[in-house]
Amino acid sequence: MTEKKIMEKIVSLARRRGFIFPACEIYGGLANAYSFGPYGTELKNNIKRLWWKMFVEDREDMVGIDGPIILHPKVWEASGHLENFNDALVDCRKCKNRFRADHLVEKETGRDMEGKLEAMSEVLEREKIKCPKCGAHDWTRVRDFNLMFKTEMNGIRGPVYLRGETAGAIFCDFKNILDSMRVKIPFGIAQIGKVFRNEIMARNFIFRLREFEQMEIEYFINPKADWEKVFDKWLKLQREFALRLGVKEKDLRHFEHPKAKLSHYSKKTVDIEYHFPFGFKELFGLAYRTDFDLAQHARVSGAELKYFDQESGQKFIPHVIEPTFGLERSVLAAILAAYSEEKVKGETRVVLSLPKDVAPVKAAILPLSKKPELINLAKEVLGDLKQSFVLEYDETQSIGKRYRRQDEIGTPYCVTIDFDSLKDKAVTVRDRDTMKQDRVKIQELKKYLREKLS
Ligand code: ATP
């Protein structure tokens, strides 16, 4: 299967099966905006839950917050987003399409000219680089385009911004956390939430969106600590999380940003890349940001953002290691890693072998026929289990078609109630991955599923 084909299949399955829909389709859609349908929402929430459990609840050194999307505009001044959160863009005058100039130049010449606007304009002219959409050679000058979404707020003069990353709220709450929680360095503050970036080219389905969710941690350490050790630990944990999504080791790699291209405050940045059908691309990121953020926020706000270390009696601005995870990219990687097709009795079986804790539906309850006695028993089974698992009940179509549907949405178990069930008070449980079937007493079904799903 070609790589383009895989993406087409995923996009079509996501839509057909209620995972992800193009947003506002009745109005003709909105450039690369998507809406999560019922299964997509479950899947996304399960990934968030997994993340929160692994990085907040199961650890002693983490606390979680949920900050606002609109922060004080000074936050973005302090963090440098208003000045530096830019992409270089160029427009084709003929077809009016807009492109990342650095990407165009790199693709055509192999040269990395990020940040050099004038030089990129010259290269586009000199090398007669053509528009990838219409083939014309008629470019505007290359200019910087800020990615922050601007809006207005009653009572505030000048623009306010929808957050471009979740970290800002974490730094704003740093002092509150020190004052209200018994945290001791090293410790981390975690947050999951929406962010907004006015990306020039949103594309590749949910890989690059203008509105997406980040799962982010700011991990505060003593400036004298062995930061490389902490950094490596986080890198390992981020890989571990990717594996929990069902991603395979061979599809992961690290890309360390070259020293010359690091922002002045970053000592080290590594992208954890996943082998998407359109190439190895960033799934998660990890950066050692020194004391840049807290020092900047302290300077611009006038607040003291220091930590008092009781053991040494010293006060210092902690340094920060920042592991960041994209939620939609996690969803996409989980679906891609889970997708497979196989031939079964001459028919193609499409399966999403999602990890069980991530799968949107844990089990489907399927009466073999619509005979009232079977339906009654199936509803009884459903009633018994509903409080314990996310289930789906389905009595339409042939049993084969119902199995296929559950395979396609990644349901690990199908529970079939047949005519024998009326006599032996047992049901057939079919395993999504092996297609093996077990006969299980209804009385023991809850225990059986609990063990299988744990
Ligand atoms: P990229 O280089 O792909 O633009 P980035 O380096 O700007 O990403 P970060 O600022 O590190 O990304 O954001 C943290 C995470 O958020 C990324 O690892 C990625 O998973 C996710 N992410 C970033 N931009 C987008 C986007 N436009 N749409 C969806 N997810 C995104």
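A residue is called buried under 20% relative accessible area and exposed over 50%, with partly exposed in between. Thr41 has a relative accessible area of 31%, so this threonine counts as partly exposed. Please keep in mind that the model you are looking at is predicted.

You will find Thr41 in helix α2, which covers residues 38–57. A polar atom of the Thr41 side chain lies 2.7 Å from the backbone oxygen of Gly37. Phe19 is 22 residues from Thr41 in sequence, and the C-alpha atoms of this pair are 7.2 Å apart in space.

## Around the ligand

Let us turn to the ligand. Which residues come nearest to the ligand? Of the 14 residues around it, these are Arg197, Glu199, Leu209, Glu282 and Leu283. By type, the shell around the ligand holds five nonpolar, four polar and five charged residues.

An oxygen atom of the ligand is 2.6 Å from an N or O atom in the side chain of Glu282. For the side chain of Arg329, the distance from one of its N or O atoms to a ligand oxygen atom is 3.0 Å. Leu209 takes part through its backbone: a polar backbone atom of this residue is 2.8 Å from a nitrogen atom of the ligand. On its own the ligand has 590 Å² of accessible area, and the protein covers 81% of that. Two or more residues of the shell come from each of β11 (211–221), β14 (279–288) and β17 (319–326). Strand β14 gives the largest share, four residues.

## Glu322 in strand β17

Strand β17 also holds Glu322. Is this glutamate buried or exposed? Glu322 is buried, because its relative accessible area is 6%, and the limit for that word is under 20%.

Leaving aside neighbours within four places in sequence, Glu322 is in contact with Ala167, with Glu216, Ile217 and Glu218, and with Gly285, Leu286, Ala287 and Arg289.

## Phe316 and its contacts

Phe316 lies in strand β16, residues 314–316. This phenylalanine has a relative accessible area of 11%, so Phe316 counts as buried. What does Phe316 touch, not counting residues up to four places away in sequence? The list is Ile185, Ile221, Asn222, Pro223, Lys306, Tyr307 and Asp309.

Asp291 is 25 residues from Phe316 in sequence, with 9.7 Å between their C-alpha atoms.

## Backbone details in the loops

Pro186 lies in the loop between α8 (174–180) and β10 (187–196).

Two residues other than glycine have a positive phi worth a look. Phe205, in the loop between β10 and β11, has phi near 60 degrees. With 6% relative accessibility, Phe205 counts as buried. Thr290 sits in the loop between β14 and α10 (292–301), and its phi is near 50 degrees. Thr290 is buried too, at a relative accessible area of 11%.

Helix α13 spans residues 399–409, and its buried residues are Arg402, Tyr403, Gln406, Asp407, Glu408 and Ile409. An α-helix has 3.6 residues a turn, so residues three or four places apart point the same way.

## Cysteines without a disulfide

How many disulfides does the model contain? The count is zero. A disulfide is a covalent bond between the sulfur atoms of two cysteines. For Cys95, the closest cysteine sulfur is that of Cys92, and because the gap is 3.7 Å, it is too far for a bond; the cut-off is 2.5 Å. Cys95 is partly exposed, with a relative accessible area of 26%.

Cys134 is in no disulfide either, and its nearest cysteine sulfur, again that of Cys92, is 3.7 Å away. Like Cys95, Cys134 is partly exposed, with a relative accessible area of 30%.

Definitions and conventions
Residues are numbered from 1 along each chain as its sequence is written. This is a predicted model: local features need pLDDT of at least 70, side-chain atom pairs count only at pLDDT 80 or more; totals for chains, interfaces and linings use all residues. Side-chain values use heavy atoms; hydrogens and water are left out. Buried means under 20% relative accessible area, exposed over 50%, partly exposed in between (1.4 Å probe, protein chains only). A residue is near a molecule or strand if one of its heavy atoms lies within 4 Å of it. A polar contact is a pair of N or O atoms within 3.5 Å; within protein, one must be able to donate a hydrogen and the other to accept it, and residues adjacent in sequence count only if both atoms are side-chain atoms. Accessible areas come from the Shrake-Rupley method with a 1.4 Å probe; for residues, only the protein chains shown count as cover. Ala, Val, Leu, Ile, Met, Phe, Trp, Tyr, Cys and Pro count as nonpolar, Asp, Glu, Lys and Arg as charged, and the others, Gly among them, as polar. Contact means heavy atoms within 4.5 Å.
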